[in-house]
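Visitor: I'd like to learn how to read a model like this one. Could you walk me through it?

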Amino acid sequence: GLEHAIPTAEEGMGLVGLPPAEGFDALFADLTPEQRQVVLDRCVEEEHFALEAGRAALLPGALEVLKELRSRGVRTGIASNCSQRYLDAGMVGMGLGQWVDEGRCLDSPGIRNKADMLSDLLITFDTRSAVMVGDCQGDCVAAKANELPFVLCENGFRPDWERFECEGRIPDLLELIPLLEAGIT
């Protein structure tokens, strides 16, 4: 029942990596909080339908890198500003659970933000020897909050790569293994 201009693709991509409510607050600032919640709920519902129907894709090279890391005995985790339903769909429906050891999201117990997710993964893995790989500012902030190196994957969804402070940059995920072998830890 709302009439509102549809955001541009660029505006929509600007939300990637943000907690959904935060992104929608910025994108639909002219709507009331109740109206924003209705739009958010419908968008999340559509996103879940698409994911569960197999209409979602991983970044190029993601599975190859995860398989290689697993073959080397490296434990991996996901820290995502998504819902538990979305995380479960990725882990089970997209098969990530076969290659990823643990996942954390905004619905995980005791989690307030991505830095908390990363901290909890470090505790679960009982290690401080880790690298955060991501493509958005929230990933960088989480790494810094946990005093971990951050590797920026520039083939993600954000176009503003130059403003990221990171220990490593890769044009795509397939470059992660060589970077790690070179000693970015």
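Guide: Let's start with the labels: helices (H or I, at least four residues) and strands (E, at least two) are DSSP runs, numbered from the N terminus. This is a predicted model, where local features need pLDDT of at least 70, side-chain atom pairs count only at pLDDT 80 or more, and totals for chains, interfaces and linings use all residues. Residues are numbered from 1 along each chain as its sequence is written, and side-chain values use heavy atoms, with hydrogens and water left out.

Visitor: How many helices and strands does the protein chain have?

Guide: There are eight helices and five strands. Going along the sequence, their pattern is α-α-α-α-β-α-β-α-β-α-β-β-α.

Visitor: What does the radius of gyration say about the protein chain?

Guide: The radius of gyration is taken over C-alpha atoms, and the globule rule is 2.2 Å times the number of residues to the power 0.38. For 185 residues a compact globule would come out near 16 Å, and the protein chain has 17 Å, which agrees. Along the principal axes, its C-alpha atoms fill a box of roughly 55 × 35 × 30 Å.

Visitor: What share of the residues is buried?

Guide: Buried means under 20% relative accessible area, exposed means over 50%, and partly exposed is in between (1.4 Å probe, protein chains only). Here, buried residues make up 36% of the 185.

Visitor: Where is Asp-126, and is Asp-126 buried or exposed?

Guide: Asp-126 sits in the loop between helix H6 (114-125) and strand S3 (132-134). Its relative accessibility is 69%, so Asp-126 counts as exposed. Its phi is near 50°, a positive value in a residue other than glycine. Glu-147 is not a glycine either, and has a positive phi of about 55°. You'll find Glu-147 in the loop between helix H7 (137-145) and strand S4 (150-153), and with a relative accessible area of 69% it is exposed.

Visitor: And Asp-135, buried or exposed?

Guide: Asp-135 is buried, at a relative accessible area of 12%. It lies in the loop between S3 and H7. Asp-135 and Phe-150 are 15 residues apart in sequence, and their C-alpha atoms are 9.8 Å apart in space.

Visitor: Now helix packing. At what angle do H6 and H7 pack?

Guide: Two packed helices are described by the angle between their axes and the distance between the axes. Axes are lines fitted to C-alpha atoms, for helices over the stretch in contact, and angles run from 0 to 180 degrees between N-to-C directions. H6 and H7 pack at about 50°, with axes 8 Å apart. That makes H6 oblique to H7 (under 35 degrees counts as roughly parallel, over 145 as roughly antiparallel, 65 to 115 as roughly perpendicular, and the rest as oblique).

Visitor: Which residues make the contact?

Guide: Contact means heavy atoms within 4.5 Å. On H6 it is Lys-114, Ala-115 and Leu-118, and on H7 it is Gly-138, Asp-139, Ala-142, Ala-143 and Ala-145.

Visitor: How do H3 and H5 pack?

Guide: Helix H3 (residues 33-52) meets helix H5 (residues 84-93) at about 15°, with axes 10 Å apart. H3 and H5 are therefore roughly parallel to each other. H3 contributes Glu-47, His-48, Phe-49, Leu-51 and Glu-52 to the contact, while H5 contributes Arg-85, Tyr-86, Ala-89 and Gly-90.
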